[in-house]
Amino acid sequence: MTGYQTSAQAATRRGAEYGTRGLDEAEAHADPLRQFAAWFEDAVAAEPAGGGGEANAMTLATADANARPSARIVLLRGYDERGFVFFTNHESNKGRDLVANPLAALVFHWPLLQRQVRLAGRVTEVAREESEEYWRSRPRGSQLGAWASEQSSVIQGRAVLDERLDALSKAHEDREVPLPSFWGGWRVVPQEIEFWQGRPNRLHDRLRYRLTREDRWVMERLAP
Ligand SMILES: Cc1cc2nc3c(=O)[nH]c(=O)nc-3n(C[C@H](O)[C@H](O)[C@H](O)COP(=O)(O)O)c2cc1C
């Protein structure tokens with residue numbers, strides 16, 4: 001084959017193999033949120049000591065009103081039985097997508113553990129008070145940065161951002177930086193959650209939980 005060799009192909013040549021740790025129906029929690037909590041805890045524990053692990057980094061896929069998909073990484077800032085929360089600029093591409101089409105998918109990849117988790121469902125906007133609370137926990141620099149950036153719009157150069165940040169820093173000297181009306185959280189309310197564990201011979205384990213009309217989670221095994 002001509003062209004570029006991906007690191008995955010290189011790894012295959014080196015004889016890299018998926019491990020023997022499995023995920024079976026008996027061991028998995030009946031409640032997918034508890035299963036997620038266990039795996040998320042493992043992923044945080046497996047983060048390299050030097051940093052750069054970011055177990056909470058997840059790919060967020062959205063689609064616009066014309067069903068045109070797009071995907072990008074965002075950070076998981078909280079999860080519970082209500083759903084999975086991230087924060088962003090509502091006027092960004094993803095923000096506009098979610099208003100036009102309130103459906104989303106999330107993917108976590110934890111390569112050191114040979115695990116993937118996929119979620120899909122509807123989104124709801126996080127209550128203003130909840131966004132306020134999170135906003136107040138952010139470093140001042142990030143707060144000013146959110147004000148300075150019209151996320152996803154074309155800008156004339158890096159200097160635009162630096163100048164805006166400078167002006168905002170001066171304007172907010174000695175006062176709190178308020179939560180912008182264009183910034184806040186979204187909650188993905190999953191209707192499906194799939195756990196993938198790498199196994200030898202590409203016969204990976206896949207357990208998918210699906211929410212029924214009666215609001216009950218059903219666990220099913222999928223072929224890898
Ligand atoms: C590790 C990582 C974490 C990120 N976290 C966020 C986040 O939490 N919220 C956010 O709006 N963008 C985040 N971004 C930036 C997005 O990937 C993206 O560039 C930005 O949100 C604009 O996306 P959009 O044009 O599709 O709306 C992150 C990027 C990386 C690489």
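Author: Start with burial: buried means under 20% relative accessible area, exposed means over 50%, and partly exposed lies in between, with a 1.4 Å probe and protein chains only. This is a predicted model, where local features need pLDDT of at least 70, side-chain atom pairs count only at pLDDT 80 or more, and totals for chains, interfaces and linings use all residues. Residues are numbered from 1 along each chain as its sequence is written, and side-chain values use heavy atoms, with hydrogens and water left out.

Reader: Why does Phe40 count as buried?

Author: Its relative accessibility is 15%, under the 20% limit, so Phe40 is buried. Phe36 is at 0%, so Phe36 counts as buried too.

Reader: What makes the pair of Phe36 and Phe40 stacked?

Author: Rings of Phe, Tyr and Trp (its six-membered ring) pair if their centres lie within 6.5 Å; planes under 30 degrees apart count as stacked, over 60 as edge-to-face and the rest as tilted. The centres of Phe36 and Phe40 are 5.7 Å apart and the planes are at 15°, so the pair is stacked.

Reader: Why are Phe36 and Phe40 separated by about one helical turn?

Author: Because they are four residues apart in helix α2, residues 32-45. Helices (H or I, at least four residues) and strands (E, at least two) are DSSP runs, numbered from the N terminus.

Reader: Why is the pair of Phe36 and Trp110 called tilted?

Author: The ring centres lie 6.1 Å apart and the planes are at 50°, so the pair is tilted. Phe36 sits in helix α2 and Trp110 in strand β5 (residues 103-110), 74 residues apart.

Reader: Which residues form one aromatic cluster?

Author: Phe36, Phe40, Tyr79, Phe84, Phe108 and Trp110.

Reader: What makes Arg115 and Asp42 a salt bridge?

Author: A salt bridge is a side-chain nitrogen of Lys or Arg within 4 Å of a carboxyl oxygen of Asp or Glu. Here the distance from N to O is 2.8 Å, so the pair qualifies. Arg115 lies in strand β6 (residues 115-125) and Asp42 in helix α2, so the pair ties together parts that are 73 residues apart in sequence.

Reader: Is Arg115 buried or exposed?

Author: Arg115 has a relative accessible area of 5%, so Arg115 is buried. Asp42 has 33%, so Asp42 is partly exposed.

Reader: How do you know that Arg136 is exposed?

Author: Its relative accessibility is 53%, over the 50% limit, so Arg136 counts as exposed. Arg136 forms a salt bridge with Glu132, the closest N and O atoms being 3.6 Å apart.
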